[in-house]
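Please open the model in your viewer and keep the selection tool at hand. The tour moves from one stop to the next, saying what to select and what is there.

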Amino acid sequence: MKKRGFQITIVCTLNSPLHKASKECGLSIIAIRKPSKHYAFLSAFILQRKLRSMGSMHVFVRSSADLSLSASISFFSRKKVKIHYFMEMMFHKKKRQLFRTVRYAQLSTWVCSLEYMRAFVQDATKLNANKLKIIPSGLDFSKVSYITKKESRASLRLSEKNVYFGMIGRIDRKKRIELAIKALKLLDDSTVQLLIIGEETPDTSDTYLNELKKLISTLNLGDQVHFLGFQKDPSPFYRAIDALIMASDFETFGMSTIESLAHNTPVIASNAGGSRELLTKFPFGSLFHAGDHLSLSEAMRQLPNFSERPLNQQGFTNMFDHHNVCKMIETDILSSES
């Protein structure tokens, strides 16, 4: 958005990773002490004055934890500072309480990345339906690598003869990595391998990684399951694998899904949430019953059939290219007519 001529200011917690990253990008920053989650009226009053003095009249919010602060900014500015909430995480209960309805009334826009999210929010809240917009998360396709699978595997020191399924993200229980390990055992084929990119959350006390390693040992899969750690550039990984597995019981959107598809690599995902909508719209891969490693193993067996139904690359690019996403923001949110 800055390259498109907009004045961008990041409001963030002092000395946070976002604060440091914003400095590296040369962005304007308002760094504050972390405000309370609810009723941060003083912080909101000071912030709205600061924003108005800078001429920053639109605030994009990406965390529900900041909604109270943002609604107060709107209130104190008499809605001159407009709040646009980009929903990142799904909720599963009704949000019709009076205090939430009053808070949501201060929003100018509630942005969902997929249609199922909009339908759910409309049913679960008393939000004015006219404020609901669908704008997908975007990708910078200029950063997508199109090196060959052979070159990618060589860079990761992988065999050209094996079949590789991949998983990417935090080593976290919600990712249900154990399902893929159990499904791999059912395939009973030593040439089929599982690559896992990512690491544990720093300073976590969870024992999930140790549990996974114990499961791998118990199932005698030590030669077939490989933890590759964090990869700054995941492109070689996406190009090297034959399919990505998204085993979480529920993904709100699934950035890894569209990153994989952008590399022309099929996706096997649980049939819930964002994964179901994405793979229904762009059916390059397969869905399995959430939480069921038997169903996952059957989906993995379908791998040879994925190439029979190639990805609609043009339609996919048009939907998720970040330039098009920016245009939607300008037209649907920032224009004087919207």
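**Salt bridges**

Select Asp 242 and Lys 149, whose side chains meet in a salt bridge, with 3.0 Å from N to O. Asp 242 lies in the loop between helix H9 (235-240) and strand S10 (243-246), and Lys 149 in helix H6 (residues 149-155), so the pair ties together parts that are 93 residues apart in sequence. A salt bridge here is a side-chain nitrogen of Lys or Arg within 4 Å of a carboxyl oxygen of Asp or Glu. Side chains of opposite charge can pair when their charged atoms come close.

Before going further, note that this is a predicted model, in which local features need pLDDT of at least 70 and side-chain atom pairs count only at pLDDT 80 or more, while totals for chains, interfaces and linings use all residues. Residues are numbered from 1 along each chain as its sequence is written, and side-chain values use heavy atoms, with hydrogens and water left out.

Is Asp 242 buried or exposed? At 17% relative accessibility, Asp 242 counts as buried, whereas Lys 149, at 35%, counts as partly exposed. Buried means under 20% relative accessible area, exposed means over 50%, and partly exposed lies in between, with a 1.4 Å probe and protein chains only.

How many salt bridges does the structure hold? There are 12 in the structure, and the next one to select is formed by the side chains of Arg 4 and Glu 330, at 2.6 Å from N to O. This pair links distant parts of the chain, 326 residues apart, with Arg 4 in the segment before strand S1 (9-13) and Glu 330 in helix H14. Arg 4 is partly exposed, with a relative accessible area of 32%, and Glu 330 is also partly exposed, at 21%.

Then select Arg 173 and Asp 206, which form a salt bridge whose closest N and O atoms are 2.8 Å apart. Arg 173 sits in the loop between strand S7 (163-168) and helix H7 (177-187), and Asp 206 in the loop between strand S8 (192-197) and helix H8 (208-218), so that the link joins distant parts of the chain, 33 residues apart. Arg 173 is partly exposed at 35% relative accessible area, and Asp 206 is partly exposed at 31%.

**Helix H14 and its cover**

Now select helix H14 (residues 322-334), where Val 325, Cys 326, Ile 329 and Ile 333 are buried. These residues cover an arc of only 100° around the axis, which puts them on the same side of H14; the arc is that of the directions from the helix axis to the C-beta atoms. An α-helix has 3.6 residues a turn, so residues three or four places apart point the same way. Helices (H or I, at least four residues) and strands (E, at least two) are DSSP runs, numbered from the N terminus.

What covers the buried residues of H14? The cover includes strand S3 (58-61), strand S4 (82-86), strand S5 (109-112) and helix H13 (313-320), where contact means heavy atoms within 4.5 Å. At the start of H14, zoom in on Asp 321, where a side-chain oxygen reaches to within 3.0 Å of the backbone nitrogen of His 323.

**Helices H11 and H10**

Move to helix H11 (residues 273-281), in which Gly 273, Gly 274, Ser 275, Glu 277, Leu 278 and Leu 279 are buried. Among the elements that cover these residues are helix H5 (115-124), helix H10 (255-262) and strand S11 (267-270). In helix H10, select Thr 257, which counts as buried at 0% relative accessibility. Leaving aside residues up to four places away in sequence, Thr 257 touches Leu 244, Met 246, Val 267, Ser 275 and Leu 278.

**Loops**

Finally, select Arg 78, in the loop between helix H3 (67-76) and S4, which is exposed, with a relative accessible area of 74%. Arg 78 has a positive phi of about 55° although it is not a glycine. In the loop between S7 and H7 you will find Arg 176, and its phi, near 50°, is likewise a positive value in a residue other than glycine.

Technical notes
A polar contact is a pair of N or O atoms within 3.5 Å; within protein, one must be able to donate a hydrogen and the other to accept it, and residues adjacent in sequence count only if both atoms are side-chain atoms.
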